[in-house]
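Please look at the sequence and the structure first.

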Amino acid sequence: MTALEASGTGKAPAVDAKASAAGDHPVTPATSNPRRDARRKRLEIAIFVGPALLIFFTFVVFPMVMAARYSLYKWDSRQPFELAEFIGLDNYTRALIGGTDPETQEIFWKAYAEPFWNAVGNNGQIIVLSMLIQLPVAMIVALVLNRKFAGRSSVRLIIFAPYVLAEVTAGLMWMMLLDPRGPVTQMIQGLGLPTPSQGWLEDPTWGFWTFFFIVSWKYIGLAIILFLAGLAGVPQELQEAASIDGASWWQVQWRINIPLIGPTVRVWAFLSIIGSIQLFDMAWVLNKGGSTGQYSTIATLMVDIGTQRNDGGYASALAIIMFIFSMSAALAYMALIMRRDTANGRTRKAKKGVKA
Amino acid sequence: MASMRKTSAAVAFAASAALLLAACSSDGTETDPTESATGGETSDAGGEPVTLTWWHNAVAGDNGQNDLGDYWQSLADAYTAENPNVTIEIEQIQNEDLQRTRIPLALQSGDAPDLFQAWGGGELATQVESGYLMDLTDTLADDISRLGGGVAPWQYEGSTYGLPFQFGVEGVWYRESLFEEAGITEEPATMADLGDAVQKLKDAGITPIAVGAADGWPAAHWWYNFALRSCSQDVIQSAGTSLDFSDQCWIDAGEQLEEFLGTEPFQDQFISTVAQTGATSSAGLVATGEAAMELMGHWNVFVYEGFTDGSEEAIDALHDDLGWFPMPATDGGAGDPTAALGGGDGFACYVDAPPECADFLAFIVSDENQAGAAEAAGILPVAPAAAEAVTNPVLVELSQVAGNAAYVQLWLDTTFGTNVGGAMNDGIVGIFAGTGDAQDVVDLMTAAALTQ
């Protein structure tokens, strides 16, 4: 999740910088030998891109292909793969519909499909709730922090701090705070209020909401920082002009600031959706997705089956399903929602290219 | 900025290259001498140099003490002093990391330690089927017969692949002073007695039983014991290989557990309680006198000791107040009421390990050294000749119960292997959480068994 976000946030400014640099130095020096130049260019590309491609193929593409292969086998992952047995798509049907054999479908549904769809449901709920809760909260905080007031930078720092903490650190901290005899429980009981009967994180009803609260606390800092960066790019003149025309602070936000940071919000939503599908570290640290899967995600289910239960084939099938989910979510989002943003970028670049 | 990035990348590359080189070179020094020694000579003083790598689970506790780890080191030193051509490299690894991650990965990569921890049962069977373990049947025949029936979990289809150094049964640990306070005069012998004791403790305002259900297995052990009482020896032992759970007794076990849970014997929020970490864990609750009882294995006396300040008086006071009784008998059921559940620790040799590995393993589990481990670190030795070295009165009682048991069954999750065992534990936690029932446990186990 973090790596994706980091690369996502890192890319946008880099593209801009390149575009403006090309604008400042319009003419590439003419060379006497175009063929030698072309070869040099290819060599440069190979040298600069080669290592990255090599790492990409070794650590991303190759494992993915291997996972796709493993997912077609019945394989106890503690045994050598030579002992595995080819079973076609059985691992996939087991996860999706409890297998195709009517005799065992009922228990397979209970043992495999139910936990799988429960995890998918949790991932889905986190995506939707992020949009419904994290987005407005982060937007309001960002708009407020965009005004000048004393101590603004320290407030920004505090709000961003959870995002910088390592997942494991934050998870252990919350585990201690939410312990059945821990400070949060005691404080709330001290106020005479009830606490979840089976504990914050393990209660069948409350477990998911406690988890969602922790995840929001952890990742909302990123949304706020992104929105603040977007707001910083909104031209002051527009806001001043609106104020002169008599617009109130809220009207300025609603009609100028929020529409103008639309692209930033859309990028954040994209990162949030992908991150929600791949959510793992926090759920795992806080007791492996919950003792009855209250906040299990596809990733925690996959790791549990793969490393604790040693069902390598089924875990690989879950990995591939998760990959298909995030890939199709990403492509659909790109095609439907971010099309406008990326299309603009492309035309702008193309124009510059013509000028040069 | 760009140049900074470049430097840091260069540094990172250099660092990873250094790591790689280090890994390669350490590899070389480890394997080369081993390979040259697989010729087969026994380890006499003039033998070729041999390096044995040894992975075990004795890590230091919260208070920094590591009695067993120190004892293993002293055994390695004694062995290398006698066999100067042998060097022993020890790695201490936390139990779950070792069992679930480190050993399986090392075995698969083919770069495995020579001597490593082995828990027996279904897991050992998988390792044998994969051809990872050295057959010790002939080389250590004398030691196998010396250790007797305790070796059974480390045997597969008539051959022996590992030797245990300790084996203990589980039962209910309790605080005698809290029993006294609640007016309980006798250790519960039946479930009805246990129910009475729970009620008396509740009336006295004491939490009757602590369980660390957040970890899964401590909760599951209650079900194991009900299964041991409701299923016959034959059903349980044949299920270990057939993975057939169609007998009604498996469902009865879950229903007995449901009934027992209905009397609310456990602490508040038991589903959120862990077993061993921190004062609010189940062991912590018993050690600090907040809860009266806990169902646990023989190791728990040391877990409780970890919650004292480590002084001799505090540990003595704890031992004075700590009682133990076997799992009470249930009404009906085909199981023998004296049967006990237990588990142990042993070591196995990697299939390509030098012959010195088996020799050193025999040295570790010798009568004398098991007695030494019992004295130094409080283990429960398997060797009958070392039994006298156990002095802790509770552990003596525990060994007697094990000795008098109709039979001792290895932990059910270890017996059934990680896949079925894991499904079983998940199902049982479902009963504890109120999200599943007795039938679910059997269904999850059956489904898992069908997939392997």
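Buried residues (those under 20% relative accessible area, with over 50% counted as exposed and anything in between as partly exposed, using a 1.4 Å probe and protein chains only) make up 41% of the 356 residues in chain A. In chain B, 56% of the 452 residues count as buried. The model is predicted: local features need pLDDT of at least 70, side-chain atom pairs count only at pLDDT 80 or more, and totals for chains, interfaces and linings use all residues. Residues are numbered from 1 along each chain as its sequence is written, chains are lettered from A and ligands numbered from 1 in the order in which they are written, and side-chain values use heavy atoms, with hydrogens and water left out.

**Chain totals**

- Chain A has 15 helices and two strands, where helices (H or I, at least four residues) and strands (E, at least two) are DSSP runs numbered from the N terminus.
- Chain B holds 18 helices and 12 strands.
- About 20100 Å² of chain A is accessible surface, and carbon and sulfur atoms account for 68% of it; the areas come from the Shrake-Rupley method with a 1.4 Å probe, and for residues only the protein chains shown count as cover.
- The corresponding share in chain B is 74%.

**Helix contacts**

- Two packed helices are described by the angle between their axes and the distance between the axes.
- In chain A, the axes of H6 (residues 167-177) and H8 (residues 206-232) come within 11 Å and cross at roughly 140°; axes are lines fitted to C-alpha atoms, for helices over the stretch in contact, and angles run from 0 to 180 degrees between N-to-C directions.
- H6(A) and H8(A) are therefore oblique to each other, since angles under 35 degrees count as roughly parallel, over 145 as roughly antiparallel, 65 to 115 as roughly perpendicular and the rest as oblique.
- From H6(A), the contact uses Glu167(A), Ala170(A), Met173(A) and Trp174(A), and from H8(A) it uses Phe213(A), Ile214(A), Trp217(A), Lys218(A) and Tyr219(A).
- Seven of the residues in the contact of H6(A) with H8(A) are nonpolar, none polar and two charged, with Ala, Val, Leu, Ile, Met, Phe, Trp, Tyr, Cys and Pro counted as nonpolar, Asp, Glu, Lys and Arg as charged, and the others, Gly among them, as polar.
- In chain B, the axes of H10(B) and H17 (residues 412-433) come within 12 Å and cross at roughly 40°, so H10(B) and H17(B) are also oblique to each other.
- H10(B) contributes Trp250(B), Gly254(B), Leu257(B), Glu258(B) and Leu261(B), which meet Leu412(B), Phe416(B), Ile428(B), Ile431(B) and Phe432(B) of H17(B).
- That contact of H10(B) with H17(B) has eight nonpolar residues, one polar and one charged.

**Loop positions**

- Thr104(A) sits in the loop between H3 (90-97) and H4 (105-145) of chain A and is buried, at a relative accessible area of 16%.
- Beyond its neighbours within four places in sequence, Thr104(A) is in contact with Gly98(A) and Leu450(B).
- Asp138(B), in the loop between H4 (121-129) and H5 (141-147) of chain B, is exposed, at a relative accessible area of 70%.
- Ala275(B), in the loop between H10 (248-262) and H11 (282-287) of chain B, is buried, at 1% relative accessible area.
- Contacts of Ala275(B), leaving aside neighbours within four places in sequence, include Gly212(B), Trp217(B), Glu294(B) and Met296(B).

Notes:
Contact means heavy atoms within 4.5 Å.
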